Amino acid sequence: MEYLLGLGDDALVAAQRLGEWVTVAPELEEDVALANIALDQLGAARLLLGYAGELEGAGRDEDALAYLRSDREYRNCLLVELPNGDFATTMAKLLLLSAYQLPLYAALSVGADERLAAIAGKARKEVAYHLDHASLWTVRLGDGTEESHRRMQAAVDELWPYTVELFAADPAAPVDPAGLRSAFLANVEPVLETATLDRPADGWGPDGGRAGLHTEHLSYLLAEMQVLHRAHPGARW
Amino acid sequence: MVSAVRSSDARRAAAAVLDPELRVLTIDDLGVLRDVTEDPATGRVTVTITPTYTGCPAMDVIRADIRAALTAAGHADAEVVTVYAPAWSTDWISEAGRAKLAAAGIAPPGPAGPAAGRPVPLTLTVRCPHCGAADTEQVSRFGSTACKSLWRCRACREPFDHLRAF
């Protein structure tokens, strides 16, 4: 259940952050793209949280888990809750997230838990397209103008430490997170190279998200996401 | 589970339901409709569907439309079950469905390739559904729905949607 919450919360918080770009993306096509990616992440989040609620057996459905948990009860990694920043930061986040989710979902899709395998098999196909999209933008910005290169490099440098948490040991995980790192690097490193970006050095990384210890950014995100549901319990459109 | 049999008239009713976002296609053309069975003892119909994309907002409408179609066909006792494996693929779109898409100005998908492992994606040529020219360009990797991208024909200058291989 805790593990499923981690997967579901990663997807849900990523969706909410991407949704913030709707109507303010740099161009109309990108507005549509980010909204569609957010929708894919939300779709996966709904299935994962719905399943987590059933396993818990306490009568909490996807909405109860999404709207009625506090920040300390969220299990997402810190990477997804960070603010969108500029467009380069958003693309760097999407690159790192999708490069991690792709091998993760691939491994889960052939796992022993059939229900989780079905969800992961579906989400994996969608995430492959997200990775393509983030890769194209990373190359375009990294190998673009001096200013876009500077921003893309700054974004990758700033976010790289947050990937350490993704591969930390987790006794509840059916797939060893550390084992996913080589596939993650194989997704990211060629893109950085093509983009003429330096791959940041490995080192210390902030963590705590899986244990419910978040940055304050998550609290603001949840406040906005949950306010309507909490103000009008049981309201329907 | 009690033994259920395939139900041809219930299937006909469910198969005629149109996709809410691609109104030229039925859910059967699209491959979203997976199975229709009927419990001979109770008459209860079970319709099994699978979403194109996990976040597809049309699923609720599709479920409601299936129940309405079955009720109209005399099967008021119906249940719609959603399955996620095997994952839907554009390869499941029928030949009739592809022809209907092209006739509606939406370029049908090519074969769905392997999902992973391509750091820099390749885009194969998409033929213009209006004039048939292969000289086309992608305008946007995402279109008006999760399953489409936006293209433009350099020959006839018309923009068009492409249901991308998935």
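This is a predicted model: local features need pLDDT of at least 70, side-chain atom pairs count only at pLDDT 80 or more; totals for chains, interfaces and linings use all residues.
In soluble globular proteins, nonpolar side chains tend to be buried together. In the present model, the largest nonpolar core comprises 80 residues, and A:Leu108 and A:Phe184 have the most contacts inside it. Helix α5 of chain A, which covers residues 87-108, supplies the largest share of this core, namely 14 residues. Another core lies apart from this one and consists of 32 residues, including B:Ile62, B:Ile66, B:Ala78 and B:Leu163.

The surroundings of A:Phe184 were examined with its neighbours within four places in sequence left aside. On this basis, A:Phe184 is in contact with A:Leu96, A:Ala99, A:Tyr100 and A:Pro103, and also with A:Trp160, A:Thr163 and A:Phe167.

Nonpolar residues also occur on the surface of chain A. A:Val227, A:Leu228 and A:Trp237 form a nonpolar patch there, and together they have about 460 Å² of accessible area. Of these residues, A:Trp237 is located in the segment that follows α9 (216-231) of chain A. A:Trp237 counts as exposed because its relative accessibility is 97%, and the cut-off for exposed residues is over 50%.

A contrasting case is provided by A:Gly50, which belongs to helix α2 (residues 28-56) of chain A. A:Gly50 has a relative accessibility of 16% and therefore counts as buried, since the term applies to values under 20%. When its neighbours within four places in sequence are left aside, A:Gly50 is in contact with A:Ala45 and A:Glu62. The C-alpha atom of A:Gly50 is separated by 27 Å from that of A:Ala178, a residue 128 positions away along the chain.

Chain B contains four helices and eight strands. Along the sequence, these elements follow the pattern β-α-α-β-β-α-β-α-β-β-β-β. The C-alpha trace of chain B spans about 60 × 35 × 25 Å along its principal axes.

Chain B has 166 residues, of which 46% count as buried. Among the contacts in chain B with a separation of 6 or more, 51% are accounted for by residues 24 or more positions apart. The accessible surface of chain B amounts to about 7800 Å², and carbon and sulfur atoms account for 55% of this area.

Note on methods: Residues are numbered from 1 along each chain as its sequence is written. Chains are lettered from A and ligands numbered from 1 in the order in which they are written. Side-chain values use heavy atoms; hydrogens and water are left out. A nonpolar core is a set of buried Ala, Val, Leu, Ile, Met, Phe, Trp, Tyr and Cys residues joined through side-chain atoms within 4.5 Å. Buried means under 20% relative accessible area, exposed over 50%, partly exposed in between (1.4 Å probe, protein chains only). Helices (H or I, at least four residues) and strands (E, at least two) are DSSP runs, numbered from the N terminus. Contact means heavy atoms within 4.5 Å. Patches are made of residues with over 30% relative accessible area and no salt bridge: like charges are joined within 9 Å, nonpolar side chains (Val, Leu, Ile, Met, Phe, Trp, Tyr) within 5 Å. Accessible areas come from the Shrake-Rupley method with a 1.4 Å probe; for residues, only the protein chains shown count as cover. A salt bridge is a side-chain nitrogen of Lys or Arg within 4 Å of a carboxyl oxygen of Asp or Glu.
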